[in-house]
Amino acid sequence: MSQLVVEDLSVEYTSMSGDRFTACTDINLTIESGEFVTIIGPSGCGKSTLLHCLGGLLQPSGGSVKLGESVVDSPDPHKASFVFQDYSLFPWKSVVDNVGMGLKFAGGSKKEVAAQAREKLEFVGLTRFADRYPRELSGGMQQRVSLARALALEPQILLMDEPFGALDEQTRRALGEEMSQILRAAGQTVVLITHSLDEAIFWADRIVVMSASPGRIAEVIEVKHPQPRDLSFMATEEFQQLRVHLFEKVEFNQLQRGPKVSA
Amino acid sequence: MNKIGIVDSSTKALSVSDDRGTSRRRKSSSPAAGAAPRARVNLWVLGILIGVAALWQIASSTHLIDKKFVSDPLSILTSLGRIFTDATALTAIGQTLYAVVVSFVLGAIIGIVLGFFIGLNATVRAAYFPIVRVLMGIPTVVFLPLLILAFGLSTTAGIAFATLVSFVQVVVNVVAGIDLIDPKYYRVAHAFNASKWHLFFHVVVSGAAPGIFAGLYHGLRNSFIGVVIAQLYISAAGGVGFLVYLWTNNFQIDDAMALILLMGAIVIIVGTSWKFVEARVTSWQQR
């Protein structure tokens with residue numbers, strides 16, 4: 001596995017009315033193999049845009065993304081695989097076919113695809129639901145299917161875009177803990193976007209804090225607490241200090257920036 | 001990859017989310033609010049059928065209505081038995097079904113191909129979809145005289161007409177089916193490096209399947225309607241339409257009614273089997 005290197009990355013959009021809009025700029029970031037990096041920042045800071053660039057889903061307007069020696073300019077799920085917030089499972093495919101989708105697109109034989117897909121389903125604990133349709137599963141289970149689908153290609157990097165954003169608090173915590181342990185155990189390189197301060201700190205080897213308009217990296221914080229962590233980490237002073245710091249950086253800034261409500 | 005130390009938490013999470021999964025399934029498998037048990041519905045259907053038939057029979061036996069014009073249920077049933085061995089009637093049914101099949105297949109092929117072109121290409125859509133919409137708005141029957149002029153008083157004119165009324169339905173529904181596919185599925189397919197071919201089969205065709213099926217269903221219905229209408233006008237085309245027209249003019253009302261009844265039975269059988277196939281193919285949908 002190799003480093004992911006982002007150099008001077010910027011992304012500009014042209015809106016329908018012809019205005020240029022900078023989603024993010026001056027992004028420099030190196031992600032080591034096996035590292036767990038979380039990205040946090042106010043809405044509209046270009047987090048998702050950055051993540052899409054890391055996976056080749058979006059072309060940067062300037063700068064580059066490199067995985068090892070090769071430039072990332074188109075999606076390659078063997079290198080970087082996505083888990084989306086809204087799961088985005090195909091409702092017309094069974095759970096096992098959803099998991100095998102990437103393998104199938106990559107040209108795997110029917111037998112290989114099915115065997116691999118079932119193995120990954122077992123890995124996320126959903127073997128019993130292989131032949132169901134996604135609508136028959138709860139949100140948390142669908143997100144686990146989505147994780148299995150991404151892992152099926154044994155990607156070098158897993159890119160997760162607010163994977164728990166659509167889940168309720170309890171499922172979010174249970175699933176989050178479980179997923180982070182799975183990924184830790186596998187030594188998987190992960191980049192995860194989150195809105196939750198706790199999530200950002202709890203899992204991260206490094207936290208990338210972004211600021212908005214234009215989106216840029218405001219700060220990169222290393223979380224030194226040893227891995228794997230358990231819930232007692234959240235009671236430590238280190239965690240609390242980080243949390244206060246992040247709160248000021250992310251939420252407080254956003255409050256000040258937000259529209260003033262007149263009485 | 002390894003599955004160390006996660007069994008505990010994974011089963012925990014599983015049982016939490018599992019409960020929800022089953023409760024959802026339970027909800028979806030139970031009858032929707034207001035749906036009545038099938039047996040009771042059947043009883044009501046039977047009730048109205050017997051009731052109307054009995055009233056009809058009585059009214060006609062007591063000369064309250066003129067049997068010459070409306071016949072009566074018993075005569076119709078007798079006639080129905082006779083029709084099964086009547087060469088004229090069987091030929092007519094054969095002619096009608098042949099024309100329906102030909103026009104439906106043509107309408108479906110043209111409709112699906114055109115539907116995909118319009119649904120997947122913005123320029124083609126801008127150019128041709130308005131035309132299809134106008135075709136849908138015009139009472140299509142006005143095209144029949146023109147088609148007769150073009151193809152003569154023949155079966156071909158009838159098939160052309162039925163194809164026209166059928167393909168419009170297919171196009172509109174296929175396009176609607178494609179439009180209903182959430183763009184996020186294209187994004188996912190792109191992220192997983194789908195080829196154009198994969199994209200077409202695994203996203204577009206699968207996603208639009210409900211629309212395609214609806215289109216084919218209405219296409220088939222309209223083929224049938226189109227063929228029968230054309231046969232009412234074109235005696236040379238023969239078929240059920242012509243025979244009902246002929247028998248009605250000859251005051252063979254019982255025969256005409258029996259033939260209509262028979263067509264009704266065919267429609268019910270075809271329609272039911274169609275819905276059965278559709279339900280199997282698109283079973284992923286929330287109903």
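Modeller: A salt bridge is a side-chain nitrogen of Lys or Arg within 4 Å of a carboxyl oxygen of Asp or Glu. The model is predicted: local features need pLDDT of at least 70, side-chain atom pairs count only at pLDDT 80 or more, and totals for chains, interfaces and linings use all residues. Residues are numbered from 1 along each chain as its sequence is written, chains are lettered from A and ligands numbered from 1 in the order in which they are written, and side-chain values use heavy atoms, with hydrogens and water left out.

Biologist: Why is Arg187(B) called partly exposed?

Modeller: Buried means under 20% relative accessible area, exposed over 50%, and partly exposed in between (1.4 Å probe, protein chains only). Arg187(B) has 29% relative accessibility, so the label is partly exposed. Asp86(A), at 31%, is likewise partly exposed.

Biologist: Is Lys120(A) buried or exposed?

Modeller: Lys120(A) is buried, because its relative accessible area is 4%. Its salt-bridge partner is Glu154(A), with the closest N and O atoms 3.1 Å apart. Glu154(A) lies in the loop between H5 and E7 of chain A and Lys120(A) in helix H4 (residues 110-123), so the pair ties together parts that are 34 residues apart in sequence. Glu154(A) is partly exposed, because its relative accessible area is 44%.

Biologist: Which parts does the pair Glu199(A) and Arg172(A) tie together?

Modeller: Glu199(A) sits in helix H7 (residues 197-203) of chain A and Arg172(A) in helix H6 (residues 169-186), so the parts joined are 27 residues apart in sequence. Their side chains meet at 2.8 Å, N to O. Glu199(A), at 10%, is buried, and Arg172(A) counts as buried at 18%. Elsewhere, salt bridges with shared partners join Arg82(B), Asp86(B) and Asp255(B) into one network. Over all chains the structure holds 14 salt bridges.

Biologist: What makes strand E6 and strand E10 of chain A edge strands?

Modeller: Strand E6 (80-83) and strand E10 (216-222) each pair on one side only. Two strands pair if DSSP finds at least two bridges between them. The open sheet has 6 strands in the order E6-E7-E8-E3-E9-E10, with mixed pairing.

Biologist: Why is Thr163(B) called buried?

Modeller: Its relative accessible area is 9%, so Thr163(B) is buried. The residue is found in helix H8 (residues 155-179) of chain B. Leaving aside neighbours within four places in sequence, Thr163(B) is in contact (heavy atoms within 4.5 Å) with Ser103(B), Leu106(B), Gly107(B) and Ile110(B).

How values were computed. Helix = DSSP H or I, 4+ residues; strand = E, 2+ residues; numbered from the N terminus.
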